[in-house]
Amino acid sequence: MSLYHPASGELIDIRPLGDKLTDSASIALVRTEDFEVMRLVLPKGKSIPEHMVEGELTLQCLEGIVELQAQGKKQQLRPGQLIYLQGKTPYAINAVDNASVLMTMLRKGDDSKGDGGM
């Protein structure tokens, strides 16, 4: 059974999960041949080890705080902040607090059709 993905034109709720965050899982919200949008749910202390994807990506913090290590520096993303990374940029994520992050990845040229490290 494949996961449900909203159709073109269908509204997708990306509001913060709040007290439901710790009971939620990361999920692909939209997935096409060209791009993928995922909500990454990261409990405090959870890490995504350094890796990279072929296509460009953005990370937008929806709630909590995550630390991003990329391009030789560490930066904290807080709610309302977004960062762009070029394709093939190694990065790692660590949840400083319970957090959720919206990740958008271009999938063109990505043979593995990456899963954002999840």
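This is a predicted model: local features need pLDDT of at least 70, side-chain atom pairs count only at pLDDT 80 or more; totals for chains, interfaces and linings use all residues.
Residues are numbered from 1 along each chain as its sequence is written, and side-chain values use heavy atoms, with hydrogens and water left out.

Strands, here and below, are DSSP runs of E with at least two residues, numbered from the N terminus, and two of them are said to pair if DSSP finds at least two bridges between them. Strand β4 covers residues 57–63, and because five of its seven residues are buried, it is largely enclosed by the rest of the structure; buried denotes under 20% relative accessible area, exposed over 50%, and partly exposed the range in between, with a 1.4 Å probe and protein chains only. β4 pairs with β9 (residues 99–106) in the antiparallel sense over six bridges, and it is also joined by four bridges to β7 (residues 82–85), again antiparallel. On the β7 side, L59 stands opposite I83.

**The open sheet**

An open sheet is formed by four strands in the order β3-β8-β5-β6, with antiparallel pairing. β3 (47–51) and β6 stand at its edges, each with a single partner strand, so one side of each is left without a neighbour in the sheet. From one strand to the next the twist averages 20 degrees, where axes are lines fitted to C-alpha atoms and angles run from 0 to 180 degrees between N-to-C directions. The antiparallel link between β3 and β8 consists of three bridges, and I48 stands opposite I93 in β8.

**Loop residues**

Most residues other than glycine have a negative phi.

| Residue | Phi | Loop |
|---|---|---|
| K88 | about 65 degrees | between β7 and β8 (91–95) |

Q71 counts as exposed because its relative accessibility is 56%. T89, which is found in the loop between β7 and β8, is by contrast buried, with a relative accessible area of 10%. Leaving aside its neighbours within four places in sequence, T89 is in contact (heavy atoms within 4.5 Å) with H51, M52, A70 and Q71.
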